[in-house]
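Here are a few exercises to work through with the model open beside you. Try each task before reading its solution.

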Amino acid sequence: METQALNNNNYHKNATEEELQKEKAINDWLPITSSRNAKWWYSAFHNVTAMVGAGVLSLPYAMSELGWGPGVTVLVLSWIITLYTLWQMVEMHEMVPGKRFDRYHELGQYAFGEKLGLYIVVPQQLVVEVGVNIVYMVTGGKSLKKFHDTVCSDCKNIKLTYFIMIFASVHFVLSHLPNFNAISGVSLAAAVMSLSYSTIAWAASAHKGVQENVEYGYKAKSTAGTVFNFFSALGDVAFAYAGHNVVLEIQATIPSTPEKPSKGPMWRGVIVAYIVVALCYFPVALVGYWMFGNAVKDNILISLEKPKWLIAMANMFVVIHVIGSYQIYAMPVFDMIETVLVKKLNFKPSSILRFIVRNVYVAFTMFVAITFPFFGGLLGFFGGFAFAPTTYFLPCVMWLAIYKPRRFSLSWWCNWVCIVLGLMLMILSPIGGLRTIIIEAKTYKFYS
């Protein structure tokens, strides 16, 4: 009898050890958890690449729809609120001793429960990441086309569709880099490019000087138009601060011990990243609007016609930056798909599986981008829908659920203010974005 009990115990012990070994093997294979030797500056340029997207180029246009007072207020408030919510996420990454929340949805599951956490976080995170990837396909294609048209103005006109395909071809190669640390070189190049093209955008605008007959009033003829444009611009601003969706995943790559938790180096990187964000966003938004007024285009580089070589260069910088950004946002999606295939559907972790999954994903984002390339409206629509919650108030809700700060204490007030502002943003900005899409869709021909 005793021997049987001993055998049973040994069997269970072996089984759990085997399960642990299997679990560890899978984690060592998955892109988020496979490599944990990142330095603090990796966090800085990953965050810059994730945050300073092509959204920065639409900020002067957003300013023209918001006006001076509201525009500056929204920009500054967004910068402060998103820095605060980012700090909360960095703090929550390791609040349970001995455990790390390597993914946004793992933190959600801890805050709201196993099932509910998944249902709340995963759809929103997927909308953001896949949405950003599709928008970046369009941006990459448009910037390549602009580069081609600027450099070779007498050449035959080539459809935008082909430029999006050219841009996608890079990702069919880069997507096979295994994890975040493997793309750090691409990410560094992208971060440098974002600072470069932002600087070109505002410096060239300043050099061009304030345009003749510049107007700062609202462009729309009707009150309804003005209000809808205002809502849409709020979505553009929300889109510009969308790095939170990959912040836990970036922090997961930093080594951590009880004496030296990962939040130290991560936070240092975030501060550097936010200084760079301020250096990119504020000059572009304010100088661009000041020079062109409400005649500014939804991409500031289009408003700047000359000098030709500088605009061509800036567009090429955008292309390089968007390549890095695409990879940063695609990595957590690869991680989710690969986790489901390996853990739930029991596929064997292999390079063939990875090859198929990632190629199919890149092809999917390329196809959607070719089909719906109206850029501005999509930003406003997605911006409110999913960016506002994941960036502006979901971290606050989790903080309240987990730490339960005292009612009416400073932490309680800060979080509730963020939640209320974030909810308003989430409800209002898709309305404006949807209207923009409807207006642009009237004149749009598929695969033109």
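Contact here means heavy atoms within 4.5 Å. Helices are DSSP runs of H or I with at least four residues, numbered from the N terminus. This is a predicted model, where local features need pLDDT of at least 70, side-chain atom pairs count only at pLDDT 80 or more, and totals for chains, interfaces and linings use all residues. Residues are numbered from 1 along each chain as its sequence is written, and side-chain values use heavy atoms, with hydrogens and water left out.

**Exercise 1.** Work out which residues of α3 and α9 meet, and describe how the axes cross.

Step 1: from α3 (residues 59-66), take Leu59, Tyr61, Ala62, Glu65 and Leu66; their partners in α9 are Asn229, Phe230, Ser232, Ala233, Leu234, Asp236, Val237 and Ala240.

Step 2: get the hand. Left-handed means the near helix is turned anticlockwise from the far one by less than a right angle, and right-handed means clockwise. The α3/α9 crossing comes out left-handed.

**Exercise 2.** Classify the ring pair of tyrosine 84 and tryptophan 87.

Step 1: rings of Phe, Tyr and Trp (its six-membered ring) pair if their centres lie within 6.5 Å; planes under 30 degrees apart count as stacked, over 60 as edge-to-face and the rest as tilted. The count by this rule is 13 aromatic pairs.

Step 2: tyrosine 84 and tryptophan 87 are 6.1 Å apart centre to centre with 25 degrees between the planes, a stacked pair.

Step 3: these two are separated by about one helical turn, because they sit three residues apart in helix α4 (residues 68-92). Tyrosine 84 is partly exposed at 21% relative accessibility, and tryptophan 87 is partly exposed at 28%.

Step 4: zoom out, and Tyr84, Trp87, Trp399 and Tyr403 form one aromatic cluster.

Terms used:
Buried < 20%, exposed > 50% of the residue type's maximum accessible area, 1.4 Å probe, protein only. Axes fitted to C-alpha atoms, helices over the stretch in contact; angles between N-to-C directions.
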